[in-house]
Structures are given as C-alpha cells and as structure tokens.
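Here is a short briefing on a few local features of one model. Have the sequence and the structure open as you read.

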Amino acid sequence: MSNSGKRAGVRPEHPVALVTGASGGLGQALALELDALGCKVAVHYNSSQDAARAVQDKLTNDSALVTGDVGSYEAVTALYEQVTEKLGPVDVLVNNGAIRRDQVMAMQKPEDWAAVIQTNLIGSFHTARVCVPHMLRTRWGRVVNVVSPSGLIATAGQTAYSASKAGLIGFTRTLAAECGRRGVTVNALSPGFMITGMTQSLPDQVKDSMEAKAPVPRFVTVEEVARSMGLFLEQDCMTGQVISIDSGVSIT
C-alpha cells in the first residue's frame, strides 16, 4: 500500500527563516549560517535596532528587519505579518530570543521570575503558534528552540531560567509529536557556555570555573553552534531531539 499521502512536502528553494533575538552574538551567527544555507532571513530584535541592522547588513539573500516583544501574542502576530509581507510565510523558525534574571529563588522578585517564563517559554509558544500552521499546510517546516544546559542540569540561582528552558524542551518534544506526520520537525538546540552578551558580564573566575568543569575545557564558539542549522534543515527524520553543543557540560 502506498504511503505517499504521508510524505513531507518539498523544501522551498529559499526557505524563509525567522530568527528571534538575532541582534545578539548567537542570534547573529544563526542568521548568517541560515543565509549561507540559502534562506531568506527575518532578523528579529526587541530593543537593539542598530545591532540587528548590522546583522542584516552582513546577509547576502533577501532579508528583513522585524521587531516585537515575543512575550506578547498581539506583538508576535504583527511581527509575523511584517515577515510575510516582506519575505513570505515562515518556513524555518528559530526561537533564540531569551532573557535571564538570575537570583536564588528565596530572594527573587516574583515579577522577575514571571518575566523570564513569559519571554523564554510563552514567547516561544507565541512564535510557534503563528508560524507552524503554514508549515503544516505546506507539509514542510523546521522549528528550532534554543535551550540550555540549565534546562538539563541544576544551576543554582537559575530556577526561572532553568524552568523556562526545561519547559521549552518538553514543548519541543510534544510539538514534534503533533507535527511529524506533516513534514514539520521540531528540535531543541542546547549550546554550552559561550562568550556572548548574556555571559560577558560574568566574573573571570566564574568563566574559568565553567571551562574547567567541562569535559572539553573551553567555551563553545557561536559559529560552532550555528553550524548545526544545516543538520536541522537537512534531516527529515530527526525530530523531538535535544542537540547539545556544550563541550560536554550537560553530561557532568
């Protein structure tokens, strides 16, 4: 009996990719890699317009600069309309935008804890909610949720961040189960410690300690992490997975 009705659709020649939080170090590397892979990239930012424009200036394919608070569903809906108008419907969604407000739980302000969950976890739901229906209709799409070793192992002072990333891993796996029959894969990318805007302010002794604990005792580069985009785009049968590029931190 033929199973042709279950086959995935055809990958577009130039998929439209939306990268949230693309003005930062990792976001820039992801946008550049997707551009090199032939994608038309929508460079998203929340407040760093100049940095996002600098990223866009480095792209060679058609691209767009878009903004909006991913924590707001209304803002994400408007953002998606911007992308569709400028480039077309989104075929590849990379949920990279995130915030971190670290503090031991017993001393943390409830509003700070809630803000991390709203941006990192609920924001990823918002973007997936507006992007995935098109992917399901065309029977081809990719969702990549950027998580963290903090979602896999305990990190003191990061109950909010860890909960947001662990929740995003669960979201990834369940959405993958919902979408697989229509050619849409959903995976998580877990980078290790990188020197980015989010980690630059850490004291040197903390960075040295992080490096020393890893089986591969060095920080990961954003370029090394970004090279995973080719794998996500090419693999039709890899879904619901957490791909860790973290110097082995998550196994220690």
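**Local features at a glance**

Serine 190 touches Val147, Ser148, Pro149, Leu152, Val242, Ile243, Ser244, Ile245 and Asp246, leaving aside residues up to four places away in sequence. Contact means heavy atoms within 4.5 Å. This is a predicted model: local features need pLDDT of at least 70, side-chain atom pairs count only at pLDDT 80 or more, and totals for chains, interfaces and linings use all residues. Residues are numbered from 1 along each chain as its sequence is written, and side-chain values use heavy atoms, without hydrogens and water.

**Serine 190**
- Serine 190 sits in strand β6, residues 184-191. Helices (H or I, at least four residues) and strands (E, at least two) are DSSP runs, numbered from the N terminus.
- Serine 190 has a relative accessible area of 0% and is buried. Buried means under 20% relative accessible area, exposed over 50%, and partly exposed in between (1.4 Å probe, protein chains only).

- Arginine 139 has phi near 65°, a positive value in a residue other than glycine. Its place is the loop between α4 (110-138) and β5 (141-146). Arginine 139 is partly exposed, at 23% relative accessibility.
- Serine 247 also has a positive phi, near 60°. Serine 247 belongs to the segment after β7 (242-245). Its relative accessibility is 13%, so it counts as buried.

**Strand pairing**
- Strands β2 (residues 40-45) and β3 (residues 63-67) run parallel, joined by five bridges. Two strands pair if DSSP finds at least two bridges between them.
- Histidine 44 has valine 66 in β3 as its bridge partner.
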